[in-house]
Amino acid sequence: MSNPGPPPRRSEGDAVQSELERLHAESFGWALTCCFRDTTLAEDVLQIVYMKVLEGKARYGGHASFKTWLFAVIRNTANSEMRRAFLRRLLPVRARGLTHDNPESFDRNLARVEIQETLRQALGSLSTRQREVLQLVFYHDISVEQAAGVMGVSLGTARVHYDRGKKRLRELLLDREGSQWSSMLTNAESG
């Protein structure tokens with residue numbers, strides 16, 4: 001029996017494709033954010049980004065994490081596509097998984113959807129940069145420093161938008177829902 005030798009090394013293209021696959025869900029979430037929740041536009045943007053990356057039109061230089069670089073490519077592509085788009089509109093959050101089979105489950109899911117909608121509306125009231133930095137940090141689990149790279153702004157600017165965005169979001173949520181959000185926000189800040 002002959003020795004088949006070492007396993008073939010993964011090519012750079014395979015590694016990039018593997019990273020794209022691993023980050024797909026988060027990338028789509030970020031594309032949705034950049035496209036103001038327009039699912040069709042976000043899908044188109046993500047497809048364009050993947051083509052740019054796989055065809056070598058957008059190259060990862062290693063100066064930031066792959067995720068930070070990819071999110072910057074997504075943001076820049078979304079901005080380019082939106083400049084070309086004639087119609088921009090927000091898509092409502094869909095109530096997924098709501099059934100009347102189990103009233104307790106239905107009520108819990110309905111409350112969750114209502115909370116998500118309230119939070120989405122409050123985030124939509126923030127400035128673009130405040131909304132972007134908060135979504136990058138909290139939904140995509142990257143640091144403020146990495147968010148600055150994605151957004152193409154200095155770290156100081158990202159920190160200012162982050163701090164002001166958190167304060168404004170807190171005010172908006174307390175104004176809209178009062179005590180319901182008060183305990184949640186207090187618990188989130190202490191944790």
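Colleague: Does Glu132 count as buried or exposed, and at what relative accessibility?

Modeller: In this predicted model, Glu132 has a relative accessibility of 7%, and because buried means under 20% relative accessible area, Glu132 counts as buried.

Colleague: Which residue forms a salt bridge with Glu132?

Modeller: The general idea comes first: side chains of opposite charge can pair when their charged atoms come close. Here the partner of Glu132 is Arg75, with the closest N and O atoms 3.1 Å apart. Since Glu132 belongs to helix 6 (residues 128-139) and Arg75 to helix 4, the pair ties together parts that lie 57 residues apart in sequence. Arg75 is itself buried, its relative accessible area being 11%.

Colleague: How many salt bridges are there by this rule, and which residue pairs with Lys67?

Modeller: The count comes to five. Lys67 is paired with Glu26, and their closest N and O atoms are 2.7 Å apart. This pair links distant parts of the chain, with Lys67 in helix 4 and Glu26 in helix 2 (residues 24-34), 41 residues apart. Lys67 counts as buried at 16% relative accessibility, while Glu26 is partly exposed at 26%.

Colleague: How far apart in helix 8 are Arg168 and Glu171?

Modeller: They are three residues apart in helix 8 (residues 155-177), which means that about one helical turn separates them.

Colleague: Let us turn to the fold. How many helices and strands does the protein have?

Modeller: There are nine helices and zero strands, so that, read along the sequence, the pattern is α-α-α-α-α-α-α-α-α. Of the 191 residues, 36% count as buried. Among the contacts with a separation of 6 or more, 63% come from residues 24 or more positions apart.

Colleague: How should I read the nonpolar core, and which residues have the most contacts inside the largest one?

Modeller: In soluble globular proteins, nonpolar side chains tend to be buried together. In this model the largest nonpolar core has 43 residues, and those with the most contacts inside it are Val49, Leu70, Ile74 and Leu136. Helix 1 (12-22), helix 2, helix 3 (39-54), helix 4, helix 5 (103-124), helix 6, helix 7 (144-151) and helix 8 each supply at least two residues of this core. Helix 4 gives the most, with eight residues.

Colleague: What does Ile74 touch, leaving out residues up to four places away in sequence?

Modeller: With those residues not counted, Ile74 touches Ser27, Trp30, Ala31, Val45, Leu46 and Val49.

Colleague: And where is Thr77 placed, and is Thr77 buried or exposed?

Modeller: Thr77 is placed in helix 4 (residues 66-84), and Thr77 counts as buried, at 1% relative accessibility. Leaving aside neighbours within four places in sequence, Thr77 is in contact with Val45, Ile48, Val49 and Lys52.

Colleague: Now the backbone. What is the phi of Phe36, and what is the phi of Arg37?

Modeller: Most residues other than glycine have a negative phi, and most peptide bonds are trans. Phe36, however, has a positive phi near 55 degrees, and Arg37, which is not a glycine either, has a positive phi of about 70 degrees. Phe36 lies in the loop between helix 2 and helix 3, and Arg37 lies in the loop between helix 2 and helix 3 as well. Phe36 is partly exposed, with a relative accessible area of 32%, and Arg37 is partly exposed at 31%.

Colleague: What average pLDDT does the protein have, and where does the pLDDT stay under 50?

Modeller: The average is 78, and 71% of the residues score at least 70. Over residues 1-10 the pLDDT stays under 50, and for these residues the model has two contacts beyond four places in sequence. Residues 86-99 also have a pLDDT below 50, and this stretch has 19 contacts in the model beyond near neighbours in sequence. Where pLDDT is low, the predicted coordinates should not be read in detail.

Technical notes: Residues numbered from 1 in each chain as written. Predicted model: local features only at pLDDT ≥ 70, side-chain atom pairs only at ≥ 80, totals over all residues. Heavy atoms only, no water. Helix = DSSP H or I, 4+ residues; strand = E, 2+ residues; numbered from the N terminus. Buried < 20%, exposed > 50% of the residue type's maximum accessible area, 1.4 Å probe, protein only. Contact = heavy atoms within 4.5 Å. Salt bridge = Lys/Arg side-chain N within 4 Å of Asp/Glu carboxyl O. pLDDT = per-residue confidence, 0-100. Core = buried A, V, L, I, M, F, W, Y, C linked by side-chain atoms within 4.5 Å.
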